[in-house]
Amino acid sequence: MKLHLLLGSNSKAVPLMVLLLVLTGMVEQGQGTTCHNTFLSALVQLIPCRAAVTPFSRIPPSDTCCNAIKALGQPCLCVLVNGPPITGVDRNMARQLPQKCSANFEPCDAMK
């Protein structure tokens with residue numbers, strides 16, 4: 001069945017569906033195991049870490065941030081730090097969170 005028959009010929013849902021498919025594909029690029037969160041939900045989980053990953057910040061990650069990092073897991077963290085740019089987030093600082101939080105994660109390889 002053709003997509004336009006499912007959505008209607010004037011549907012504005014197609015761009016949204018394309019965006020969701022792209023984000024879902026990005027989340028599935030985890031290291032070793034698969035991230036089972038959407039890009040957006042993984043990003044929301046890291047809100048407690050915002051102060052620690054703001055460019056030029058000297059604020060260490062809080063206990064709440066470290067708990068969020070450990071709960072999120074390495075595959076999802078790698079998807080976030082290797083994914084599209086996130087305004088207000090220093091990727092290098094985000095990559096250091098597992099070490100600063102004593103999370104036993106393998107390093108995230110930069111996407112080529």
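This report describes the helices of a predicted model, their packing and the nonpolar core.

## Model and overall composition

In this predicted model, local features need pLDDT of at least 70 and side-chain atom pairs count only at pLDDT 80 or more, whereas totals for chains, interfaces and linings use all residues. Residues are numbered from 1 along each chain as its sequence is written, and side-chain values use heavy atoms, with hydrogens and water left out.

The protein has seven helices and zero strands; helices (H or I, at least four residues) and strands (E, at least two) are DSSP runs numbered from the N terminus. Of its 112 residues, 31% count as buried, where buried means under 20% relative accessible area, exposed over 50%, and partly exposed in between (1.4 Å probe, protein chains only). Among contacts (heavy atoms within 4.5 Å) with a separation of 6 or more, 64% join residues 24 or more positions apart.

## Helix α5

Helix α5 spans residues 63–72, and its buried residues are Cys65, Cys66, Ala68, Ile69 and Leu72. Seen down the axis of α5, these fall within an arc of 160°, so they line one face of the helix; the arc is that of the directions from the helix axis to the C-beta atoms. The face turned away from the buried side carries the exposed residues Asp63, Thr64, Asn67 and Ala71.

The cover over the buried residues of α5 includes α3 (39–45), α6 (74–82) and α7 (91–100). Gly73 follows α5 and has a positive phi, near 90°.

## Helix α6 and its packing on α7

Nine of the nine residues of α6 are buried. The axes of α6 and α7 lie 9 Å apart, at an angle of about 170°; axes are lines fitted to C-alpha atoms, for helices over the stretch in contact, and angles run from 0 to 180 degrees between N-to-C directions. That makes α6 roughly antiparallel to α7, a term for angles over 145 degrees.

Leu77, Leu80, Val81 and Asn82 in α6 meet Arg91, Ala94, Arg95 and Pro98 in α7. The residues of this contact divide into five nonpolar, one polar and two charged, with Ala, Val, Leu, Ile, Met, Phe, Trp, Tyr, Cys and Pro counted as nonpolar, Asp, Glu, Lys and Arg as charged, and the others, Gly among them, as polar.

## Nonpolar core

The largest nonpolar core has 21 residues; such a core is a set of buried Ala, Val, Leu, Ile, Met, Phe, Trp, Tyr and Cys residues joined through side-chain atoms within 4.5 Å. The residues with the most contacts inside it are Leu46, Cys49, Ile69, Leu72, Leu77, Leu80 and Leu97. Helix α6 gives the most to this core, with six residues.

Terms used. Angles under 35 degrees count as roughly parallel, over 145 as roughly antiparallel, 65 to 115 as roughly perpendicular and the rest as oblique.
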